[in-house]
Amino acid sequence: MTERDSDYERWLLALNSLQEVSAQYQQLVRSMQSGFGTLSLESAAIRQRLALIEAKIHTMDTTF
């Protein structure tokens with residue numbers, strides 16, 4: 001194996017490693033996007049529940 005072949009093998013290994021890291025990063029980004037989507041839905045549900053509770057409290061205050 002020549003020095004040139006050795007350099008090629010090292011660059012190929014580095015490229016493969018970068019591709020693997022890139023794939024892991026993309027998976028992480030997808031997971032985070034999914035998590036933020038879930039949090040957004042939960043936030044909307046909590047906001048609706050809070051509005052309902054506030055309306056009930058207002059009704060109770062008005063009644064009493």
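The following dialogue reads a predicted model of one protein chain.

Q: Which secondary structure elements does the protein chain contain, helices or strands?
A: The count in the protein chain is 1 helix and 0 strands. Helix α1 comprises residues 3-63.

Q: How is the overall form to be judged, and what radius of gyration does the protein chain have?
A: The value is set against that of a compact globule, which for 64 residues would be near 11 Å, whereas the protein chain has 27 Å. The C-alpha trace spans about 90 × 10 × 5 Å along its principal axes.

Q: What share of the residues counts as buried?
A: Buried means under 20% relative accessible area. By that criterion, 0% of the 64 residues are buried. Tyr25 counts as exposed because its relative accessibility is 54%, with the cut-off at over 50%. Ala45, also placed in helix α1, has 37% and therefore counts as partly exposed.

Q: Which residues form a nonpolar patch on the surface?
A: The patch consists of Tyr25, Leu28, Met32, Phe36 and Leu39, which together have about 560 Å² of accessible area. For the protein chain, the accessible surface is about 6,200 Å², and carbon and sulfur atoms account for 62% of this.

Q: How many positive and negative side chains are there, and how far apart do the centres of the two sets lie?
A: There are 6 positive and 8 negative side chains, with the two centres 11 Å apart.

How values were computed. Residues are numbered from 1 along each chain as its sequence is written. This is a predicted model: local features need pLDDT of at least 70, side-chain atom pairs count only at pLDDT 80 or more; totals for chains, interfaces and linings use all residues. Side-chain values use heavy atoms; hydrogens and water are left out. Helices (H or I, at least four residues) and strands (E, at least two) are DSSP runs, numbered from the N terminus. The radius of gyration is taken over C-alpha atoms; the globule rule is 2.2 Å times the number of residues to the power 0.38. Buried means under 20% relative accessible area, exposed over 50%, partly exposed in between (1.4 Å probe, protein chains only). Accessible areas come from the Shrake-Rupley method with a 1.4 Å probe; for residues, only the protein chains shown count as cover. Lys and Arg count as positive and Asp and Glu as negative; His and the chain ends are not counted. The place of a charge is taken as NZ of Lys, CZ of Arg, CG of Asp or CD of Glu. Patches are made of residues with over 30% relative accessible area and no salt bridge: like charges are joined within 9 Å, nonpolar side chains (Val, Leu, Ile, Met, Phe, Trp, Tyr) within 5 Å. A salt bridge is a side-chain nitrogen of Lys or Arg within 4 Å of a carboxyl oxygen of Asp or Glu.
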